[in-house]
Amino acid sequence: MSQPDPPLPQDGIYRTILGVLVASVLLGGVIGLAGDLVYKDRGIALAGTWMAVICGGLYFFFRLLGKREARRRAERERDGDPEA
């Protein structure tokens, strides 16, 4: 049976990047909806949608990087590396 994934790194910069990306996804969704429903402007709606899509992709990319780093730290800790 495989071991459970270690928790994601709790580094301040990592958590800040994820927080900004989540906020950007939400803001992109709001801009997309406002452009479509309030302003009736296809350009604003597309800009908000693309902002949400791109920031969502970046969010998952950074989550992947965080999981890799957590796995690397757990392996170093398990091997008894003093730099862990």
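**Close-up 1. Glu 69 and Arg 72 pair within helix H2 of this predicted model.** Glu 69 and Arg 72 lie three residues apart in helix H2, so about one helical turn separates them. Helices are DSSP runs of H or I with at least four residues, strands are E runs of at least two, and both are numbered from the N terminus. The side chains of Glu 69 and Arg 72 form a salt bridge, with N to O at 2.8 Å. A salt bridge here is a side-chain nitrogen of Lys or Arg within 4 Å of a carboxyl oxygen of Asp or Glu. Glu 69 is partly exposed at 21% relative accessible area. Arg 72 is also partly exposed, at 40%. Buried means under 20% relative accessible area, exposed means over 50%, and partly exposed lies in between (1.4 Å probe, protein chains only).

The model is predicted: local features need pLDDT of at least 70, side-chain atom pairs count only at pLDDT 80 or more, and totals for chains, interfaces and linings use all residues. Residues are numbered from 1 along each chain as its sequence is written, and side-chain values use heavy atoms, leaving out hydrogens and water.

**Close-up 2. Glu 69 also pairs with Arg 76.** The N to O distance in this salt bridge is 3.8 Å. Arg 76 is partly exposed, with 27% relative accessibility. Salt bridges with shared partners join Asp 11, Glu 69, Arg 72, Arg 73 and Arg 76 into one network. Side chains of opposite charge can pair when their charged atoms come close. A search of the whole structure finds four salt bridges.

**Close-up 3. Arg 73 reaches Asp 11.** The closest N and O atoms of this salt bridge are 2.8 Å apart. The pair links distant parts of the chain: Arg 73 sits in helix H2, Asp 11 in the segment before H1, and 62 residues separate them. Arg 73 is partly exposed at 33% relative accessible area. Asp 11 is partly exposed too, at 34%.

**Close-up 4. Helix H2 runs for 38 residues.** From first C-alpha to last, H2 reaches 55 Å. That is close to the 56 Å expected at 1.5 Å a residue, where the expected span is 1.5 Å times one less than the number of residues. The buried residues of H2 are Ala 45, Gly 48, Ala 52, Cys 55, Gly 56, Tyr 59, Gly 66 and Ala 70. H1 is included in what covers them.

**Close-up 5. Arg 15 lies on helix H1.** H1 spans residues 12–38. Is Arg 15 buried or exposed? Arg 15 counts as exposed, because its relative accessibility is 51%. Beyond residues up to four places away in sequence, Arg 15 touches Pro 9 and Gln 10; contact means heavy atoms within 4.5 Å. Gly 66 is 51 residues from Arg 15 along the chain, yet their C-alpha atoms are separated by 9.7 Å.

**Close-up 6. Lys 40 sits in the loop between H1 and H2.** Helix H2 covers 42–79. Lys 40 has a positive phi of about 55°, although it is not a glycine. Lys 40 counts as exposed because its relative accessibility is 64%.

**Close-up 7. The two ends of H2.** At the start of H2, a side-chain oxygen of Asp 41 comes to within 3.0 Å of the backbone nitrogen of Gly 43. Just after H2, Gly 80 takes a positive phi of about 80°.

Notes: A polar contact is a pair of N or O atoms within 3.5 Å; within protein, one must be able to donate a hydrogen and the other to accept it, and residues adjacent in sequence count only if both atoms are side-chain atoms.
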